[in-house]
Amino acid sequence: AGLAAPAMAQGAFPNKPITMVIPFAAGGPTDTVGRLIAQAMSVDLGQPVVVENVGGAGGTLGAQRVANARPDGYTILLHHIGMATTPTLYRRLAYDPINGFETLGLVTEVPMTLVARRNIEANNLAELVALIRQKGEGLNYANAGIGAASHLCGLLFMQAVNTRMTTVPYRGTGPAMNDLVAGTVDLMCDQTTNTTEQIRAGTIRAFAVTTPERLSALPDLPTAAQGGLPGFEVSVWHGLYAPKGTPAPVAARLNQALLKALQDPTIERRFADLGTAPVPVARATPQAHREFWQADIAKWRPLIQAAGQFAD
Ligand code: MLT
């Protein structure tokens, strides 16, 4: 009903500011990546790319906002691995988590780190695992809701140590990090884009990185396998999306701006500081990202089903 577009789309795209929805709180890892990319894209597009944080429900509220937005390229979504886990984790969503989007491209892949409040009673991963097995639900594990990377990492970690902790959900790991630094929650598994600076400053303790290799940004931090948990591995990717039905030339223009941003030396440097890197251009095309995303949905589905924790 009433879908006739007003006769206003004069001139080349874009001719007004673009909103980039970040589906988590400001100050967290998605926000950090999104703001850097938005700034670089706005230079290429000649229009502001304005970040709007729409946090809550593990990233699904922000995704819903974009899936249901007008498909004109002026509302886009910077999301992450939650795009691959929510189709399995959520039984009911007010949007189509797979067919509601056009892919614009992959942005980055980010390692995760297992971190704790500074004064946790453990000196290495083996001691931390022993403490968790002893205290169980007496320990608080912070995450950013069902569908967050910190939720997925927590699922895998609790499976690896075969012990449950008490989960404390936030609208993003930015605010969760404040509580970890303050010592009011005990543990978190979060992206290096949010933890590297705190680890270096000594405001939190890090126990492991969740990648097969150590990171050059945090060379002293052992991998989970080196710390005694082989197979506990996960990394987070971020991608850029537009609502389904966004015209192809508009999507192509947005992808072009993204590719420019990914080759920006400032972004490369800033990402490297935070333990990550922009993906190579060949992986950042809309088609390559759609294939990668679909494969990741299939990869996580059985693992999530085995864990048996779903949201409504
Ligand atoms: C955030 O930006 O807050 C994170 O990406 C949350 C998460 O997924 O763990």
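## Around the ligand

In this predicted model, helix α1 gives the most to the shell around the ligand, with three residues. Helices α1, α5 (149–161) and α6 (173–182) each supply at least two residues of that shell. There are 14 residues around the ligand, and Gly28, Thr30, Ala148, Ser150 and Gly172 come nearest. Sorted by class, the shell has six nonpolar, seven polar and one charged residues.

## Where α1 meets α8

Helix α1 (residues 29–45) also meets helix α8 (residues 248–262): their axes come within 8 Å and cross at roughly 120°. The two helices are therefore oblique to each other, and α1 passes α8 in a right-handed crossing. On the α1 side, the contact is made by Ile37, Ala40, Met41, Asp44 and Leu45, while α8 brings Ala257, Leu258, Lys260 and Ala261. By class, seven of these residues are nonpolar, none are polar and two are charged.

## Backbone spots to look at

Most residues other than glycine have a negative phi, and most peptide bonds are trans.

Phenylalanine 13 and proline 14 are joined by a cis peptide bond, with omega about -10°. Proline 14 sits in the segment before β1 (18–22).

Alanine 57 has a positive phi of about 55° and lies in the loop between β2 (49–53) and α2 (60–67). Alanine 57 counts as buried because it has 22 C-beta neighbours inside 10 Å. Asparagine 162 has a positive phi too, near 60°, and belongs to the loop between α5 and β6 (166–169). With 9 C-beta neighbours inside 10 Å, asparagine 162 counts as exposed.

Methods
Residues are numbered from 1 along each chain as its sequence is written. This is a predicted model: local features need pLDDT of at least 70, side-chain atom pairs count only at pLDDT 80 or more; totals for chains, interfaces and linings use all residues. Axes are lines fitted to C-alpha atoms, for helices over the stretch in contact, and angles run from 0 to 180 degrees between N-to-C directions. Helices (H or I, at least four residues) and strands (E, at least two) are DSSP runs, numbered from the N terminus. Angles under 35 degrees count as roughly parallel, over 145 as roughly antiparallel, 65 to 115 as roughly perpendicular and the rest as oblique. A crossing is left-handed if the near helix is turned anticlockwise from the far one by less than a right angle, and right-handed if clockwise. Two residues are in contact if their C-beta atoms, placed from the backbone, lie within 7 Å. Ala, Val, Leu, Ile, Met, Phe, Trp, Tyr, Cys and Pro count as nonpolar, Asp, Glu, Lys and Arg as charged, and the others, Gly among them, as polar. A residue is near a molecule or strand if its C-beta atom, placed from the backbone, lies within 6 Å of it. A residue is buried if 20 or more other C-beta atoms lie within 10 Å of its own, exposed if 12 or fewer, and partly exposed in between; C-beta atoms are placed from the backbone.
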